[in-house]
Amino acid sequence: MRGSRMLSALIGLLASTGAAAAERLYACGDDQIREYAVTGDSATETWRWSAGAARDLPSAYRTRLLAHIDDCKAVDGNKAILVTASTGGVVLIDRASGKVRFRATAPMAHSADLLPGGYAAVALSINPAGDRLELYKLSRSEPPLASLPLPSGHGAVWDARRQRLFALSHDLIQAFSFDSKAAAPRLTEAARWTLPGRRDGHDLSPTPGGGYVVTTDDGAWTFDPDRGDFAPIPALNPKLRVKAVSVTKETMAWVQAEESWWAHGFTVADRDTGRQHRFETPGMKLYKVRWIP
């Protein structure tokens, strides 16, 4: 028996350090973030954070503002997770400790990203106090420093190579310049592109090659900011209610709503959408998945 246990441990060690090591992603929904290790046809939960159990958050965040998390992305060299919730909360979580480094109230917050110099941009969707792009300083939780109109804001991604913030709204992708060293830092529109298909932008995520994937009301598309063009992703276009698409050099993962706005699980496939595997997320109304770089 002892030899069997040692052999099992060795096999596990080799699997974790070998060429076929698992890729990791975050899945979010309800008040939870789960980390999964995905390899071949298996996905194993390896870590979980729940707003309701976060003792360093005020009660309003634990019980209401983070009740419906809608985005969760690895930031700060994968040392932190930036989280938004349609129920009105934004938090920056330290991955190692689970402690909250920043928080803000933002009605219908749907996406966010960190900007140079210790700032964050948050996209807010349809709400009397939403439909805008907000700028925050991470050293102070509230209120925002500035805001710009962003109808049905659903995406915010900082592009370090282009030094632009890309933001997704109902009809457009917009690029904003940002100077963190200015006396009064602000976001200034530099370019815009009209969405394809039936528009209604829903998700914006970067690709390793410097492009983007964007989802609309009727499907998923690749977007090249340098050429300004969109191309349909065949396996995901046309396809309704695709809530998230995330890609690595070799792998793609996505969530398509099955019950109103949420799903019971996510799909992982090769970049050409071959060899698809479906993974359930029991006990969570899944909204988005994001690969961890």
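Student: Where is Pro238 found?
Tutor: Pro238 is in the loop between strand S19 (229–232) and S20. Those labels come from DSSP runs numbered from the N terminus, with helices (H or I) of at least four residues and strands (E) of at least two.

Student: And what kind of peptide bond leads from Asn237 to Pro238?
Tutor: That bond is cis, with omega near 0°. The bond from Glu142 to Pro143 is cis too, with omega near -10°, and Pro143 sits in the loop between strand S10 (132–137) and S11.

Student: Before I go on, what am I looking at?
Tutor: This is a predicted model, in which local features need pLDDT of at least 70 and side-chain atom pairs count only at pLDDT 80 or more, while totals for chains, interfaces and linings use all residues. Residues are numbered from 1 along each chain as its sequence is written, and side-chain values use heavy atoms, with hydrogens and water left out.

Student: How many helices and strands does the chain have?
Tutor: The count is two helices and 24 strands. Along the principal axes, the C-alpha trace spans about 65 × 45 × 35 Å.

Student: Is Thr273 buried or exposed?
Tutor: Buried means under 20% relative accessible area, exposed means over 50%, and partly exposed is in between (1.4 Å probe, protein chains only). Thr273 has 14%, so it is buried. Across the chain, 50% of the 293 residues count as buried.

Student: Which residues does buried Ser169 touch?
Tutor: A contact is heavy atoms within 4.5 Å. Ser169 has a relative accessible area of 2% and lies in the loop between strand S13 (164–168) and strand S14 (172–178). Not counting residues up to four places away in sequence, Ser169 touches Leu150, Pro151, Ser152, Gly153, Gln174, Leu195 and Gly201.

Student: Where does Ser152 lie?
Tutor: In the loop between strand S11 (146–149) and S12. Ser152 has 5% relative accessibility, so it counts as buried. Beyond its neighbours within four places in sequence, Ser152 contacts several residues, including Leu124, Asp131, Leu168 and Ser169.

Student: Which residues have the most contacts inside the largest nonpolar core?
Tutor: In soluble globular proteins, nonpolar side chains tend to be buried together. A nonpolar core is a set of buried Ala, Val, Leu, Ile, Met, Phe, Trp, Tyr and Cys residues joined through side-chain atoms within 4.5 Å. Here the largest has 20 residues, and Tyr26, Ile33, Trp49, Leu66, Val83 and Val91 have the most contacts inside it. The elements giving two or more residues to this core are strand S1 (23–29), strand S3 (42–50), helix H2 (59–65), S4, strand S5 (80–85) and strand S6 (89–94). A second, separate core of 15 residues includes Ala80, Val90, Ala120 and Leu124.

Student: How buried is Ala80?
Tutor: Its relative accessibility is 0%, so Ala80 counts as buried. Ala80 is in strand S5, and among its contacts more than four places away in sequence are Lys73, Ala74, Leu92 and Arg101.

Student: Which residues lie nearest the centre of the largest pocket?
Tutor: On a 1 Å grid over the protein atoms alone, a pocket is an open set of points with protein on both sides within 12 Å along at least five of seven lines, and lining residues have an atom within 4 Å of a point. Of the 28 lining residues, Ala74, Pro206, Thr207, Trp291 and Pro293 lie nearest the centre. Strands S4 (69–75), S12 (155–159), S16 (203–206), S20 (242–247) and S24 (286–291) each supply at least two lining residues.

Note on methods:
On a 1 Å grid over the protein atoms alone, a cavity is a set of points where a 1.4 Å probe fits but cannot get out, and a pocket is an open set with protein on both sides within 12 Å along at least five of seven lines; lining residues have an atom within 4 Å of a point.
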